[in-house]
Amino acid sequence: MGKFNYRFIFKTIGFLLIIESLFMMLATVVSFYYRELAGDAMLISSSITFFSGIFIRLIGTDDYERSIGKRESFLVVSLTWVILSAFGMLPFYLSGAIPDISNAYFETMSGFTTTGASILTDIDSMPKGLLFWRSITQWIGGIGIIVFALAVLPIVGGNASVLYDAETTGIVHERFRPRVTQVAKRLWVTYIFVTGILFVLLWVGPMNMFDSICHALATMSTGGYSTKQASIAYWNSPYLEYVLSVFMFIGGTNFALIFFLLRGVPKKLLKDEEFRWYAVICIIFTVVIAGSLYFSGTFDNIEYSLRTSMFQVVSIITTTGFTSVDYMDWGAFYIFMLCLLMLFCACAGSTSGGIKIVRIIVLFKNAINEFKRQVHPNAILPVRLNGQVIPIDIVTKILAFMFLYLAILVVSFLVLSFMGINFEESIGAAITCMGNVGPGLGDIGHNGHFNDVPSVSKWYLCFLMLTGRLELFTVLSLFMPAFWKR
């Protein structure tokens, strides 16, 4: 194993910082438009980020480009989220809106990983420029800043496929045949197009233009940052709940399939096994929760019960985290149901986090095959997905992923409890940050916040967000001694 191609790492991260500074400048324009004092801090932050990106990129300039492998790709992707969050917190910190570094970094990492967990206790009074920047961090983190970079990879140089594999989620990538740079362009065009449609639909509803933009960005990224402390409940609008439910559902769908749908090839979406499971799970959980709430007398209106249940189910399973009611008041059964959804999450290739339904499907089919092997020990029973055989090494990797995911959660329960967080909130915080969901349990559920969580716990939760966003192996590989050996 050869040396690291450090020049490529510097060059890529420098380039991504320049991209971040340009998005930050958009938020700066918004701040100046509303004549906010935070505009100066945002302009300074954007300038620092831009010139730092230029400097780091120059370090990476080299006439001789060595090839890159998985080690470089894992390191670049992991460092991207860490470094972009470090620079991305500058507007919050320098403006004084979030004067504590731990809180500012937590808020930004939560944005870029599309977790949506927040330390803010009075979102409504925050400057609009900073609220817009919060939404931007989620939007560029949703489809993946690395995927964005791949769309213009010729400027950066390097092997696109290894970066794509390190950043994108799931066990297999949807069946695009062109080069990876073309894949990235198609994904981003689809992402922008669907976000634009949602913005228009929200604007014709009860939201003003600013709130519509921010919520469109937060919805399609399945991030869940709202411009209101009460989240979607602030508007008390059935129209918004239905529209957002549909687009959160789209955000939880494999974007490659959405691309094919927009190209007039709906059969790829309808025949996709993971998508069908995803839709059925949403329907079953919605009907069960709505029926239980209605017949128990919690809600006395069937339409309201169905709408509210659907909104919360879709919001949680897609890891968006918007809320329209305080589900903590529903009782233990419903909280347990929502926690299951936090673990399942939506489709691979979507902007959502968590385990992903495709892994649940493969493990379920593998378990069924084990029962069949008890009766027919000599039978060859491969696991099939969409009619194609899943290689045994992929099944093994999924088993390892599930073990690591659950093991990290259990360890996190203990670590957070040791740090002084009560048991219920430790469970909620670990699951919501690892799955990039947002709302938790107890005081950090619904409209709650993470402001009162100890600072050391926030840094640990940031690690969980990053690990969950990059699906464990990319980040955890960095802690293996063999990773750093030549």
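## Surface patch

Patches are made of residues with over 30% relative accessible area and no salt bridge, where like charges are joined within 9 Å and nonpolar side chains (Val, Leu, Ile, Met, Phe, Trp, Tyr) within 5 Å. A salt bridge is a side-chain nitrogen of Lys or Arg within 4 Å of a carboxyl oxygen of Asp or Glu. Accessible areas come from the Shrake-Rupley method with a 1.4 Å probe, and for residues only the protein chains shown count as cover.

This is a predicted model: local features need pLDDT of at least 70, side-chain atom pairs count only at pLDDT 80 or more, and totals for chains, interfaces and linings use all residues. Residues are numbered from 1 along each chain as its sequence is written, and side-chain values use heavy atoms, with hydrogens and water left out.

A nonpolar surface patch is formed by F193, I197, V200, L201, V204, Y239 and L262, with about 600 Å² of accessible area together. Helix α10 (residues 180–203) gives the most to this patch, four residues. Helices here are DSSP runs of H or I, at least four residues, and strands are runs of E, at least two, numbered from the N terminus. V204 lies in the loop between α10 and α11 (209–220).

## Helix α11

T222, whose phi is positive, near 50°, follows α11.
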